[in-house]
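Subject: Structure handover

Hello,

Here is the structure I said I would pass on. Please look it over before reading the notes below it.

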Amino acid sequence: MNKKMIAMILAGGQGSRLKRLTKEVAKPAVPFGGKYRIIDFPLSNCVNSGIDTVGVLVQYKPFLLNRYIGVGSAWDLDIDGAGVSILPPYSTENENCWYKGTADAIFQNTHYIDMYNPEYVLILSGDHIYKMDYDKMLDFHEKNNSQATVAVIDVPIEEASRFGIMNAKENGEIYEFEEKPKEPKSTLASMGIYIFNWQLLKKILKEDQQDKYSEKDFGKNIIPKMLREGFKLMAYPFSGYWKDVGTIESLWAANMDLLDSSNPIDLFEKNWRIYSQVTNKPGHLVEDTAFIKNSIICEGCVIKGEVINSVISSEVLVEEGARVHNSVVLSRAVIKKNSFIDRVILGEHVVIENKEHFGKKDEIIFISGGDE
């Protein structure tokens, strides 16, 4: 087989800042937008960009993610000679099997990549919310005769110290990389999306394995190494919506963005669908006692109370007199009579009892098992 470019999605993140949401699942498997999981976005971007071969590198709590992706049929990735492959770490005769870093994860799957003999490898994070045409990024990579291309997004200068910052010339050629600099020289933040010439990357990964001081990380080691050695790296500018949902606050905010009238990420766009596993649930039921405004209501819900500016996942029950404002409610939760939640992420199967009130103006609360 010979593929021009295949994708490798790094989906093993623990996501500890998401608290109990990632207690049993990896961050890419966290629910989002009522009917999706975060992993749906990079997978759908691959399919929409014409990439039919995708490796998903899992590590932390992989069971739900493995089951969810399955053979890839939800994304039309169940095809002969291509498709989606789940790639957990595996033990060798003398090596610890766990991925030591993002670069080590790719290195451990060299044989998988070589099986397709690609000219280029696209490396993605599995835990960001965005839409991107990777084919346009590849066209940019080729036109600039680049040996590695890093997708970047312009961030406010006051936030730049939170990111890996690419300092580039006017033509986009990168001359310096700074990891979370205290005084950033630019606002071009790395999105953790890379295109590499595969044969060159394979050589550099092998060399990096011999460096006992390396953290085996693309941002900390591979990109700086390539710059030091004079390889041509380009910054690909991205101007669309992109969010790293690494905290409870950012996950809540990204869900609320879906309800924005300007809708920065359009889930109704016919030519760039975000695909997810299809579930056989009945349509939602809105009874005559209900009041709904500016909200997403998913399949199988029964709404008898008030829902305003909220994202309601499947099979949720909102009883008569209950009020749900500015909240994200995950599957099979129940909000009983005369209860009120505001600025909350409510976990799966959680029951809010009669007359319970949750909400704070200055923070977002995640409720799991009835506890804040």
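The notes below cover a helix pair, the loop that joins it, and one further helix. Please keep in mind that this is a predicted model.

The helix pair is α6, residues 198–209, and α7, residues 218–228. Their axes come within 11 Å of each other and cross at roughly 115°, and the crossing is right-handed. On the α6 side, the contact is formed by L200, L201, I204, L205, E207 and D208; α7 contributes F218, N221, I222, K225 and M226. Sorted by class, this contact has 7 nonpolar residues, 3 charged ones and 1 polar one.

S214 sits in the loop between α6 and α7. Its relative accessible area is 10%, and because the cut-off for buried is under 20%, S214 counts as buried. The S214 side chain makes a polar contact of 2.7 Å with the side chain of D208. A polar atom of the S214 side chain also lies 2.9 Å from the backbone nitrogen of K216. Setting aside neighbours within four places in sequence, S214 is in contact with D208 and N221. D208 and N221 also belong to the contact of α6 with α7.

The buried ones are I248, S250, L251, W252, A253, A254, N255, M256 and D257. Among the elements that cover them are the strands β2 (31–32), β13 (242–244), β19 (311–312), β22 (328–329), β25 (344–346) and β28 (365–367).

Regards

Technical notes: Residues are numbered from 1 along each chain as its sequence is written. This is a predicted model: local features need pLDDT of at least 70, side-chain atom pairs count only at pLDDT 80 or more; totals for chains, interfaces and linings use all residues. Side-chain values use heavy atoms; hydrogens and water are left out. Axes are lines fitted to C-alpha atoms, for helices over the stretch in contact, and angles run from 0 to 180 degrees between N-to-C directions. Helices (H or I, at least four residues) and strands (E, at least two) are DSSP runs, numbered from the N terminus. A crossing is left-handed if the near helix is turned anticlockwise from the far one by less than a right angle, and right-handed if clockwise. Contact means heavy atoms within 4.5 Å. Ala, Val, Leu, Ile, Met, Phe, Trp, Tyr, Cys and Pro count as nonpolar, Asp, Glu, Lys and Arg as charged, and the others, Gly among them, as polar. Buried means under 20% relative accessible area, exposed over 50%, partly exposed in between (1.4 Å probe, protein chains only). A polar contact is a pair of N or O atoms within 3.5 Å; within protein, one must be able to donate a hydrogen and the other to accept it, and residues adjacent in sequence count only if both atoms are side-chain atoms.
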